[in-house]
Amino acid sequence: MTGDDRLHGAGCRVPEQDWARAIELISSAPEVALACHVSPDGDALGSMLATGMALRVLGKNVVASFGDQRFAVPRLLRFMPGQELLVEPAAYPESPALMVTFDASTVDRLGLLGDSAVKARELVVLDHHPSNTGFGTMGLIDPAAAATAVVAEELIHRLGVAVDRDMAVCLYTGLVTDTGSFRHASTTPAAHAMAGRLIATGLRTDEIARELWDRSPFGYLKVLGAALDRVVLERESAGGLGLVWTYVPRLDRASYGLPYDEVEGMIDVIRRTDEAEVAVVVKEDDEGALQVSTRSKGAVDVARACSALGGGGHSRAAGFTSHLPVEETMAALRGLLSATPEDVRDE
Ligand code: AMP
Ligand code: MN
Ligand code: MN
């Protein structure tokens, strides 16, 4: 093993025989179809686009997509390079010879592309969710990795492609979003070492941070104001550890022409509440379904509660979709939130 291999290996713990098989499958494929989870975040889209650009360097035919009914890259992520690889779900291969998925813990999380995944001859699954169901013909899954981008960086390295600045922007976006700007417990020395490698390609961390966190349309402030106005603190909930929650109806967004993805980060304002172990933001999407974001500070496993309601995620950051009214959705969630003794890892 060379020094360089050791550097990469420190951040990613996928068994060697799995790497060998994945590299063989991918290296010998002339065409690769990539997919990430619906409503893609920085890690899902970033690891997929970086891998797509690396496969293009190898001369492969690459298509990449995600299976949302309304196919659009969230405004926050439009700065990421490699988007010319994206195709609408309708143009995605029905039964790809080789399909690779990113940051999706279940087939359901692939939305409209779930059928292609089921019909793919080979399905390689890159992920870091402990709740990954083991779907696919093979997995490159590291539940200890801070982001799927960690696994993607290792894959690109093992494919023999040098990570260029564009790939680095995508991988860094995945790493910095899933570690909450290197604040979460997942921020290991390996995560910082990876950031160092990526920054060395010449990317601008200040520009990426501004795109991700320091800008929004004016309407965001008004919608945030309304959500803060209806925020509730329930000290007795979550096993007496406290629950803070609010709701963002689509009508609020419509009043200011604010797209759904602009309110994704609102949970980061709500979760600062000292008096609450668990924070929840219930967001009504454009179809009228409720997308529920949950966060805990470590004593409550929100992934367990969200999984019981058909969703999933990490112990400290999880979500689910509800088709019930807000109060019934919250009643169901409240009933599942209770303290757990084991201290659990973050994203
Ligand atoms: P979010 O609150 O949307 O930032 O999501 C937090 C975590 O929960 C992420 O790891 C997501 O992958 C996961 N998650 C969110 N919504 C769902 C869902 N409907 N089903 C499964 N996992 C979800
Ligand atoms: Mn994700
Ligand atoms: Mn992730």
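Q: Which residues of α9 are buried?
A: In helix α9, the buried residues are G219, Y220, V223, L224 and A227. This is a predicted model.

Q: Where do they sit around the axis of α9?
A: Those residues cover an arc of only 135° around the axis, which puts them on the same side of α9. As background, an α-helix has 3.6 residues a turn, so residues three or four places apart point the same way.

Q: And what is exposed on the other side of α9?
A: There, F218, L221 and D229 are exposed.

Q: How many residues are in α9, and what should they span?
A: Helix α9 runs over residues 218–229, which is 12 residues. At 1.5 Å a residue the helix should span 16 Å, and its end C-alpha atoms lie 17 Å apart, which agrees.

Q: Let us turn to another helix. How many residues of α5 are buried?
A: In α5, 10 of the 11 residues are buried, so the helix is largely enclosed by the rest of the structure.

Q: Which ones in α5 are buried?
A: The buried residues of α5 are T148, A149, V150, V151, A152, E153, E154, L155, I156 and H157. 

Q: What follows α5?
A: G160 comes after α5 and has a positive phi, near 85°.

Q: How many Å apart are A146 and T321 in space?
A: Their C-alpha atoms are 24 Å apart, and A146 and T321 are separated by 175 residues in sequence.

Q: Now the ligand. Which residues come nearest to ligand 1?
A: There are 13 residues around ligand 1, and R109, S293, R295, G312 and A318 come nearest.

Q: What polar side-chain atoms lie by an oxygen atom of ligand 1?
A: One belongs to H314, which places a polar side-chain atom 3.4 Å from an oxygen atom of ligand 1. R109 has a side-chain N or O atom at 3.0 Å from an oxygen atom of ligand 1. The backbone contributes as well: an N or O atom of the G319 backbone lies 3.2 Å from an oxygen atom of the ligand.

Q: How much of ligand 1 does the protein bury?
A: Ligand 1 taken alone exposes 470 Å², and the protein buries 82% of that.

Q: What is the shell around ligand 1 like by class?
A: The shell has 8 polar, 3 nonpolar and 2 charged residues.

Q: Changing topic to backbone angles: what is the phi of F182?
A: F182 has a positive phi of about 60°, although it is not a glycine. For context, most residues other than glycine have a negative phi. F182 is found in the loop between α6 (165–178) and α7 (189–199).

Q: What about the phi of A238?
A: A238 is a residue other than glycine with a positive phi, near 55°. A238 belongs to the loop between β6 (232–234) and β7 (243–248).

Q: Is A238 buried or exposed?
A: A238 counts as buried, at 3% relative accessibility.

Q: Where is L113?
A: L113 is in the loop between β3 (98–102) and α4 (114–119). With a relative accessible area of 1%, L113 is buried.

Q: How many Å apart are L113 and D68 in space?
A: The C-alpha atoms of L113 and D68 are 8.6 Å apart, while 45 residues separate the pair in sequence.

Q: And where is L337?
A: L337 lies in the segment after α13 (326–334). L337 has a relative accessible area of 5%, so it is buried. L337 and S237 are 100 residues apart in sequence, and their C-alpha atoms are 7.6 Å apart in space.

Q: Finally, where is P89?
A: P89 is in the loop between β2 (61–66) and β3. P89 counts as buried, at 14% relative accessibility. Buried here means under 20% relative accessible area.

Conventions:
Residues are numbered from 1 along each chain as its sequence is written. Chains are lettered from A and ligands numbered from 1 in the order in which they are written. This is a predicted model: local features need pLDDT of at least 70, side-chain atom pairs count only at pLDDT 80 or more; totals for chains, interfaces and linings use all residues. Side-chain values use heavy atoms; hydrogens and water are left out. A residue is near a molecule or strand if one of its heavy atoms lies within 4 Å of it. A polar contact is a pair of N or O atoms within 3.5 Å; within protein, one must be able to donate a hydrogen and the other to accept it, and residues adjacent in sequence count only if both atoms are side-chain atoms. Accessible areas come from the Shrake-Rupley method with a 1.4 Å probe; for residues, only the protein chains shown count as cover. Ala, Val, Leu, Ile, Met, Phe, Trp, Tyr, Cys and Pro count as nonpolar, Asp, Glu, Lys and Arg as charged, and the others, Gly among them, as polar. Helices (H or I, at least four residues) and strands (E, at least two) are DSSP runs, numbered from the N terminus. The expected span of a helix is 1.5 Å times one less than its number of residues. Buried means under 20% relative accessible area, exposed over 50%, partly exposed in between (1.4 Å probe, protein chains only). The arc is that of the directions from the helix axis to the C-beta atoms.
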